[in-house]
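Have the structure open while you read.

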Amino acid sequence: MTDSVFKNDIFKGKVAFVTGGGSGICYGITKMLGEHGCRTVILGRRKANIEKAAAELTKSTGQKCLGIPADVRQLETLEAAVKQTVAEFGRIDFVVAGAAGNFLAPIDGLSSNAFRTVLEIDTIGTYNTFKATIPELLKTKGAFQAISATLHYKGHPLQAHVSAAKAGVDALVRVIAVEYGPRGIRANCIAPGPIAGTEGMDRLMPKEYLDAHLKQIPLQRYGRIDEIASASTYLFSPAATYVTGTTLVVDGADYHMSGSH
Ligand code: HXC
């Protein structure tokens, strides 16, 4: 257990279901939830990777983490994973829809299928994740989080597909909050800014761009994965029981300055 500003056992007895939890930001979120007593399930497309990540998380947090192969584009794989989660842990309290696809491409370099693929992973994948977990979230009066972005707040070149997809995620989460609030479910988005050690930064951003961009970030540094995990922990915690239908931007005021990552 690392030092934490949250109580160590804040999520004792709870169960989290995290798509995209095998790496990056959602791995960090899962780890922090586990460190605070939550049992977790992570989902990803590659069986070997997701099982390896789950074994690491079990070891590092001391709470059981189950790795289940699933593709968020296929609702039935998520429904099967929900069944497996309930068989193993008995419940689902928290859901994170974090699986995302991305590559840099100009609009005329995108096929319809390429554009559709990112919408299917990000937007429809978020819908499918919520849809598959609704029955369990209703039982526990649980909470849902989607991982969004800030790049669609302004026009961001080479990211038409992702911008459209994340705008859809934001809109979907607002509707979930309104439709399911009366039934006890909260739903929020987290919009990470430039976070070091993620695919979005390491694979998609050229080093020259990153060097120049760093000076424009008001906090003068990139964010850390644990800072996004803290935001997620807060939103799931009893400190946020009246927070729903919102997007928590965690970006060092980056988008106010440049509107880009
Ligand atoms: C143009 C591309 C392309 C590229 C794929 N396609 N890469 N088009 N430029 N660089 C096209 C393919 O040609 C194909 O279209 C269509 O997209 C589907 O590709 P497939 O490889 O068949 O699909 P699939 O195997 O399902 O993979 C989809 C994928 C995914 C989106 C490429 O594997 C992926 O994104 N992986 C990376 C995951 C990732 O980095 N996640 C973190 C995202 S960070 P055609 O027409 O040829 O069939 C993030 C934060 C945002 O989201 C903020 C940071 C900037």
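Predicted model: local features only at pLDDT ≥ 70, side-chain atom pairs only at ≥ 80, totals over all residues.

1. Start with helix α5, which runs over residues 160–180 and has 21 residues. From its first C-alpha to its last it reaches 30 Å, close to the 30 Å expected at 1.5 Å a residue.

2. Now look at which way α5 faces. Its buried residues are H161, V162, A165, K166, V169, L172, V173, I176 and Y180. They sit on the same side of α5, because they cover an arc of only 120° around the axis.

3. What lies over the buried residues of α5? The cover includes α4 (112–140), β5 (143–147) and β6 (186–192).

4. In total, 19 residues surround the ligand, and the closest are G101, F103, S111, A114 and G200. Helix α6 (199–202), like α4, supplies at least two residues of that shell. Sorted by class, the shell has 10 nonpolar, 8 polar and 1 charged residues.

5. Last stop: V18, in strand β1 (residues 15–19). Is V18 buried or exposed? V18 counts as buried because it has 28 C-beta neighbours inside 10 Å, and the cut-off for buried is 20 or more. Beyond its neighbours within four places in sequence, V18 has contacts that include C26, I29, V41, L43 and V96. V18 and G67 are 49 residues apart in sequence, yet 9.8 Å apart in space, C-alpha to C-alpha.

Definitions and conventions: Residues numbered from 1 in each chain as written. Helix = DSSP H or I, 4+ residues; strand = E, 2+ residues; numbered from the N terminus. Expected span 1.5 Å × (residues − 1). Buried ≥ 20, exposed ≤ 12 C-beta atoms within 10 Å, placed from the backbone. Arc of directions from axis to C-beta. Contact = placed C-beta atoms within 7 Å. Near = placed C-beta within 6 Å. Nonpolar A, V, L, I, M, F, W, Y, C, P; charged D, E, K, R; others polar.
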